[in-house]
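Open the model in a viewer with the sequence panel beside it. The stops below each give a selection and then what is found there.

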Amino acid sequence: MKGSTQSKTKKLEPRWPRDHYSWSQYNIWVNQGPREYALKYIYDEAARTNPRMLLGKQVAEMVENDLEQEDEALEHLRIFLPRYQYQEYKIEEELNGIKLVGFLDGFDEDPMKVGEYKTGRLWTKGMADKTEQLHWYALLLYLKFGVDPGRVPMVLHWMPTEWKEGEPLKPTGDIENFETRRTLRDCLDVGKRITDSWKKIGEFCAIEYASLGL
């Protein structure tokens with residue numbers, strides 16, 4: 001990439017590779033940095049997958065389509081994972097002129113409740129309380145429905161895994177459920193981080209596109 005050699009003194013209009021901002025974009029920008037963001041969203045390089053991501057995708061498809069599994073542990077998850085009125089519930093809302101898009105793994109409308117399925121890494125109640133992904137979803141619900149975030153339970157359903165050398169990552173079949181809630185302050189804080197990071201993405205991408213003559 002040539003963006004780092006572009007003159008920073010030239011004023012360029014901000015540009016974005018997408019007309020919307022998603023949790024995935026935000027997560028890559030904040031936690032992996034501009035280079036990884038550009039590789040995925042400007043240069044369209046295929047996302048780097050890992051065993052945790054592959055298992056997560058398999059579980060998501062299993063839940064959404066209620067697909068029976070040959071693996072005993074996966075079948076146990078299919079039967080006993082909590083289900084919701086809507087799976088992969090899409091929300092689109094605007095914040096400070098930014099189109100936000102989110103997909104909730106599970107969503108009940110009345111009474112309102114959010115479910116998020118996680119595999120792989122260790123999760124705890126404290127981690128569920130702090131994860132920004134649920135800040136994002138609470139903000140989207142607040143913007144769409146005007147609901148007090150503190151009144152909406154959000155449950156992170158963690159499926160522990162085990163790994164043996166030479167074998168794929170496998171779920172143990174266990175499920176741990178961590179109920180957490182967000183405050184309006186959480187929503188306002190993440191809203192500011194969203195706005196600030198979107199601006200920085202636009203500035204960075206303008207330089208990157210200019211370096212490509214686009």
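Is D66 buried, partly exposed or exposed? Select D66 and colour by relative accessibility: the value is 42%, which lies between the 20% and 50% cut-offs, so D66 counts as partly exposed. Note before going on that this is a predicted model.

**Two residues with positive phi**

Stay on D66, in the loop between α3 and α4 (72-80). Its phi is near 50°, a positive value in a residue other than glycine. Most residues other than glycine have a negative phi, and most peptide bonds are trans.

Now select D44, which is found in the loop between α2 (34-41) and α3 (51-65). D44 is not a glycine either, yet has a positive phi of about 55°. With a relative accessible area of 56%, D44 is over the 50% cut-off and therefore exposed.

**A cis peptide**

Select D110 and P111 and display the backbone. The peptide bond that joins D110 and P111 is cis, with omega about -5°. P111 belongs to the loop between β3 and β4 (112-120).

At 0% relative accessibility G106 falls under the 20% cut-off, so it counts as buried. Which residues does G106 touch, leaving aside those up to four places away in sequence? Show Y84, Y86, Q87, K113, V114 and G115. Then draw a C-alpha to C-alpha distance from G106 to N96: the two are 10 residues apart in sequence and 27 Å apart in space.

**Helix α1 against α2**

Select helix α1 (residues 23-31) together with α2 (34-41). The axes of α1 and α2 come within 7 Å and cross at roughly 140°. This angle makes α1 oblique to α2. On the α1 side the contact is made by S24, Q25, I28 and W29; on the α2 side by P34, E36, Y37, K40 and Y41.

**Aromatic pairs**

Show the side chains of Phe, Tyr and Trp. A pair of aromatic rings is described by the distance of the centres and the angle of the planes. The count comes to 14 aromatic pairs. Take Y21 and W136: their ring centres are 5.7 Å apart and their planes stand at 75°, so this pair is edge-to-face. The pair links distant parts of the chain, with Y21 in strand β1 (residues 21-22) and W136 in helix α6 (residues 132-145), 115 residues apart. Y21 counts as buried, at 0% relative accessibility. W136 is buried too, with a relative accessible area of 0%.

Next select W29 and Y37, another edge-to-face pair, 5.7 Å from centre to centre and with 90° between the planes. Both residues were listed at the contact of α1 and α2. W29 counts as buried at 11% relative accessibility, and Y37 is buried with a relative accessible area of 0%.

Then widen the selection to W16, Y21, W23, Y26, W136 and W198, which form one aromatic cluster. Y21 and W136, from the pair above, belong to this cluster.

**Charges over rings**

Select R15 and Y209. The charged end of R15 sits over the ring of Y209, 4.2 Å from the ring centre. Move on to K144 and F145, where K144 lies over the face of F145 at 5.6 Å from the ring centre.

**Cysteines**

Finish with C187 and C205. Are C187 and C205 buried or exposed? C187 has 1% relative accessibility and so counts as buried. C205 is also buried, its relative accessible area being 0%. A disulfide is a covalent bond between the sulfur atoms of two cysteines. How many disulfides does the structure hold? The number is zero.

Conventions: Residues are numbered from 1 along each chain as its sequence is written. This is a predicted model: local features need pLDDT of at least 70, side-chain atom pairs count only at pLDDT 80 or more; totals for chains, interfaces and linings use all residues. Side-chain values use heavy atoms; hydrogens and water are left out. A disulfide is a pair of cysteine sulfur atoms within 2.5 Å. Buried means under 20% relative accessible area, exposed over 50%, partly exposed in between (1.4 Å probe, protein chains only). Rings of Phe, Tyr and Trp (its six-membered ring) pair if their centres lie within 6.5 Å; planes under 30 degrees apart count as stacked, over 60 as edge-to-face and the rest as tilted. Helices (H or I, at least four residues) and strands (E, at least two) are DSSP runs, numbered from the N terminus. A charge sits over a ring if NZ of Lys or CZ of Arg is within 6 Å of the ring centre and within 35 degrees of the ring normal. Contact means heavy atoms within 4.5 Å. Axes are lines fitted to C-alpha atoms, for helices over the stretch in contact, and angles run from 0 to 180 degrees between N-to-C directions. Angles under 35 degrees count as roughly parallel, over 145 as roughly antiparallel, 65 to 115 as roughly perpendicular and the rest as oblique.
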